[in-house]
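I opened my notebook to look up a few spots in this structure, one at a time. Here is what I wrote down, in the order I looked.

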Amino acid sequence: MNPEKDFAPLTPNIVRALNDKLYEKRKVAALEIEKLVREFVAQNNTVQIKHVIQTLSQEFALSQHPHSRKGGLIGLAACSIALGKDSGLYLKELIEPVLTCFNDADSRLRYYACEALYNIVKVARGAVLPHFNVLFDGLSKLAADPDPNVKSGSELLDRLLKDIVTESNKFDLVGFIPLLRERIYSNNQYARQFIISWILVLESVPDINLLDYLPEILDGLFQILGDNGKEIRKMCEVVLGEFLKEIKKNPSSVKFAEMANILVIHCQTTDDLIQLTAMCWMREFIQLAGRVMLPYSSGILTAVLPCLAYDDRKKSIKEVANVCNQSLMKLVTPEDDEPDEPKPVVQKQAEAKPEDSSAKQEGTASGGPDSSCDSSFGGSIGVFSPAGTERAPVTLHLDGIVQVLNCHLSDMAIGMMTRIAVLKWLYHLYIKTPRKMFRHTDSLFPILLQTLSDESDEVILKDLEVLAEIASSPAGQTDDAGPPDGPDLRVGHSELQVPTPGRASLLSTPGAKGLECSPSTPTMNSYFYKFMINLLKRFSSERKLLEVRGAFIIRQLCLLLNAENIFHSMADILLREEDLKFASTMVHTLNTILLTSTELFQLRNQLKDLRTPESRNLFCCLYRSWCHNPVTTVSLCFLTQNYRHAYDLIQKFGDLEVTVDFLTEVDKLVQLIECPIFTYLRLQLLDVKNNPYLIKALYGLLMLLPQSSAFQLLSHRLQCVPNPELLQTEDGLKAAPRSQNADSLSIDYAELLQHFERVQKKHLEVRHQRSGRGDHLDRRVVL
């Protein structure tokens, strides 16, 4: 510093003391400056005051010499003390040089800068608020200072500034938010702690509504929540908890939509605390905001669905995620099945109270979150409606949702509970918004069929529910409801009757009106036949699936759909199956299900007597396909009490190649005859006179069997038949079997027998082509 330079009005003694290396001498100089400035204040000499401040700033505080800088800092503080309440007029000139010293390399100088600024702020109090941003910026840097003394000094200044902000009602929150948004992404532990402490303070001030600006800082708060320091994480938890409490108190002023994607991102993090906290926020958002969250459904599902497969180590996250999933699902209502253009919905008088009917109608017409949504939640989820504001209609767009569901269902590595949740979502969407969902059915159908190979029975059950809903929903009806392969698939009385618009199913309840049937009504749409074809194709390509789960799948479908339709359609398809071996296996599986499953009780009763045209039509359809397997054909005749035809079929067995597989099936049929299903057949053995062909048919089976346990079982049963001499039949027998007499006028049994012979001839030719005559004969049994 040039000693010859004029620093008036500062005396040479003051200048010399300010440059001294000893703190005591600099302090004496500061007292002299304070006295001098007080005189200028008394004289109202603002020119000299500014000149003193400028000199201390330019020549001392910003000097290259460290002791000069220290003298300048204490001198500026002395000026502020002398100015008192008038210091607010010179704050910019007082603060800027001090803040510059915050960046000094000398830790002692940074400490003196904190001390000086503390004195300046203490005197100015509320007058410093217009300069709050620069003060906050400087303090945020000192909060991370490596020197403990500097950090301690900054904490004192920080507390003072917080007191001033808390006391004042003139804090410029709008101007502060951009700086807070920038600083909140700091990775420094102490800077984060500083930021969190300030947010807590601002949140506690009644006149400061920080909630309006929460979308600006929420992402940063969640990032701080992942800090390695336990204390910082705890502080951040407290801040987020306070914000959530305020959101619950004032949901009408919350910008839910602006924060939805932030929560979606943090719900997918690997940090357990962040994920749990974000998921808890998501749960509250869905329950408070209601349909406002629907546009973000695909993102929410992307975050929530994987959490449903968590184990007990993340039980809390899993439970909250499950609530989110259920709450979001409840937001989808039948009204969402309207076209994309919002249309007014007529309010039902029965659902509206007189005093609030107008409000309901207004909300419904807009498509926004109204009281009609509340009713669908059973009162468990509230939907806010800000007073005096109109919300834009919320339209459910399924493209993104279906894409997410399809993606999760296609991922074989995904957990079982997640797959079940995906299928529940698909089922729910098909129930609530069938018209919109059927636009996506062609893309979903292959993966739904593939899911039938899942290892979990629960997954398969849910998958079958979805497929059954697709196959039975009236919304899936198209103008061309016939089989995909065209009219040539239909042959005579085995025709599959697929209902068309305006025509109800044969099995529908009286008075049902075609497409007005509920989803549970046993009808078929244009997807039903497609489903049956593709299911059989899958069984054909995956024989293990047929062996392990085939019966389980078909039995469940018989519960979910109409059993007669299923058997009728499968028989119709198998009639044209080119892979005869698969056709024989499939027919055997269907026959076993038909004869043994409790789910098929009504269908068995319907076939037992063949009293109606529908039952006779079904019998003929089944019979033609059952001909792929001779023994199952006989069992079908036993079930329908066509004993004479069964006897005629057994007579034809002499022309067939009797293989080990063939005899095994005969053995199984004998075992079935001893089961409760055929109790009526065994009782008919007592009426020898009216059932001679039944006894002959059983003797025919006995003659086919080798000396085995099945032979002994059937032989012992036939020995119990009374009056064996009555087995002789006469052409003029008056009392024929009841069922055969009833049906002889409507069923051409001769034609059916010819069909059986044609099918078996085709099977024989195929076996010879595949294995060669010699190899095939090795499997014949020599009796």
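**Entry 1: two helices crossing.** Helices here are DSSP runs of H or I with at least four residues, numbered from the N terminus. On the α11 side I found L214, I217, L218, L221, F222, I224 and L225 in the contact, and on the α12 side I232, R233, C236, E237, V239, L240, F243 and I247; contact means heavy atoms within 4.5 Å. I noted 13 nonpolar, no polar and 2 charged residues there, with Ala, Val, Leu, Ile, Met, Phe, Trp, Tyr, Cys and Pro counted as nonpolar, Asp, Glu, Lys and Arg as charged, and the others, Gly among them, as polar.

**Entry 2: a note on the model.** I reminded myself that this is a predicted model, in which local features need pLDDT of at least 70 and side-chain atom pairs pLDDT 80 or more, while totals for chains, interfaces and linings use all residues. Residues are numbered from 1 along each chain as its sequence is written, and side-chain values use heavy atoms, leaving out hydrogens and water.

**Entry 3: helix α14.** How far apart are the end C-alpha atoms of α14? I read 25 Å, which agrees with the 26 Å that its 18 residues (272-289) should span at 1.5 Å a residue; the expected span is 1.5 Å times one less than the number of residues. D271 caps the N-terminal end, with a side-chain oxygen 3.0 Å from the backbone nitrogen of L273. After the helix comes G290, with a positive phi near 60°. I also saw that 14 of the 18 residues of α14 are buried, meaning under 20% relative accessible area with a 1.4 Å probe, protein chains only.

**Entry 4: V264.** I found V264 in helix α13 (residues 256-266), and it is buried, with a relative accessible area of 7%. Leaving out residues up to four places away in sequence, V264 touches M282, G299, I300 and A303. Between V264 and M279, 15 residues apart in sequence, the C-alpha distance is 8.4 Å.

**Entry 5: R549.** Is R549 buried or exposed? R549 counts as buried because its relative accessibility is 15%. I placed R549 in helix α25 (residues 543-560), and a polar atom of its side chain lies 2.8 Å from the backbone oxygen of D454.

Key: Buried means under 20% relative accessible area, exposed over 50%, partly exposed in between (1.4 Å probe, protein chains only). A polar contact is a pair of N or O atoms within 3.5 Å; within protein, one must be able to donate a hydrogen and the other to accept it, and residues adjacent in sequence count only if both atoms are side-chain atoms.
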